[in-house]
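Reader: I've never read a structure like this before. Could you walk me through it, one feature at a time?

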Amino acid sequence: MSFWEKASALGQSACEKMEKFNADVEHWMDIYQNEDDEKLLKLTKSRSKAQNLAARKLLQERGYDF
């Protein structure tokens with residue numbers, strides 16, 4: 001396998017992981033949509049990366065600045 005084929009395969013893998021992560025964030029944003037700000041602030045410190053980012057995005061939509 002040539003260098004460019006390997007690089008392309010790695011890029012494809014990274015792209016797939018990014019798409020899955022973004023889908024996970026959207027999933028958690030849907031779940032957390034109706035949570036109050038206090039609970040979201042706690043979630044930004046105690047959950048997985050996708051859950052953390054989802055809580056932060058929702059708080060940013062509500063006017064919080066990180």
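Predicted model: local features only at pLDDT ≥ 70, side-chain atom pairs only at ≥ 80, totals over all residues.

Reader: How do I describe the way two helices pack?

Author: The general idea is that two packed helices are described by the angle between their axes and the distance between the axes. Here, helix H2 covers residues 37–46, and its axis comes within 8 Å of the axis of H3, crossing at roughly 145°. As for handedness, H2 passes H3 in a left-handed crossing.

Reader: And what angle do H1 and H3 make when they pack?

Author: Helix H1 takes in residues 3–32 and helix H3 residues 49–61; they pack at an angle of about 55°, and their axes are 8 Å apart. H1 and H3 are therefore oblique to each other. Their crossing is right-handed.

Reader: Which residues in H1 and H3 meet?

Author: On the H1 side you'll find Phe 21, Asp 24, Val 25, Trp 28, Met 29 and Tyr 32. They meet Lys 49, Ala 50, Gln 51, Leu 53, Ala 54, Lys 57, Leu 58 and Glu 61 in H3. By kind, the residues of this H1–H3 contact split into nine nonpolar, one polar and four charged.

Reader: Let's zoom in on one residue. Is Asn 52 buried or exposed?

Author: For that you look at the relative accessible area. Asn 52 has a value of 18%, and the cut-off for buried is under 20%, so Asn 52 counts as buried. Asn 52 sits in helix H3. Leaving out residues up to four places away in sequence, Asn 52 touches Leu 43, Thr 44, Lys 45 and Arg 47.

Reader: What about residues outside the helices?

Author: Let's take one from each end. Ser 2 lies in the segment before H1, and with a relative accessible area of 34% Ser 2 is partly exposed. Gly 63 belongs to the segment after H3; Gly 63 is exposed, at 61%.

Reader: Now the whole chain, please. How many helices and strands are there?

Author: Three helices and zero strands. Read from the N terminus, the order is α-α-α. The chain's radius of gyration is 16 Å, well over the 11 Å that the globule rule gives for 66 residues, so the chain is more spread out than a compact globule. Along its principal axes, the C-alpha trace spans about 50 × 20 × 20 Å.

Reader: What share of the residues counts as buried?

Author: Of the 66 residues, 20% do. And among contacts with a separation of 6 or more, 47% come from residues 24 or more positions apart.

Key: Residues numbered from 1 in each chain as written. Heavy atoms only, no water. Axes fitted to C-alpha atoms, helices over the stretch in contact; angles between N-to-C directions. Helix = DSSP H or I, 4+ residues; strand = E, 2+ residues; numbered from the N terminus. Parallel < 35°, antiparallel > 145°, perpendicular 65-115°, else oblique. Left-handed = near helix turned anticlockwise from the far one by under 90°. Contact = heavy atoms within 4.5 Å. Nonpolar A, V, L, I, M, F, W, Y, C, P; charged D, E, K, R; others polar. Buried < 20%, exposed > 50% of the residue type's maximum accessible area, 1.4 Å probe, protein only. Rg over C-alpha atoms; globule rule 2.2 N^0.38 Å.
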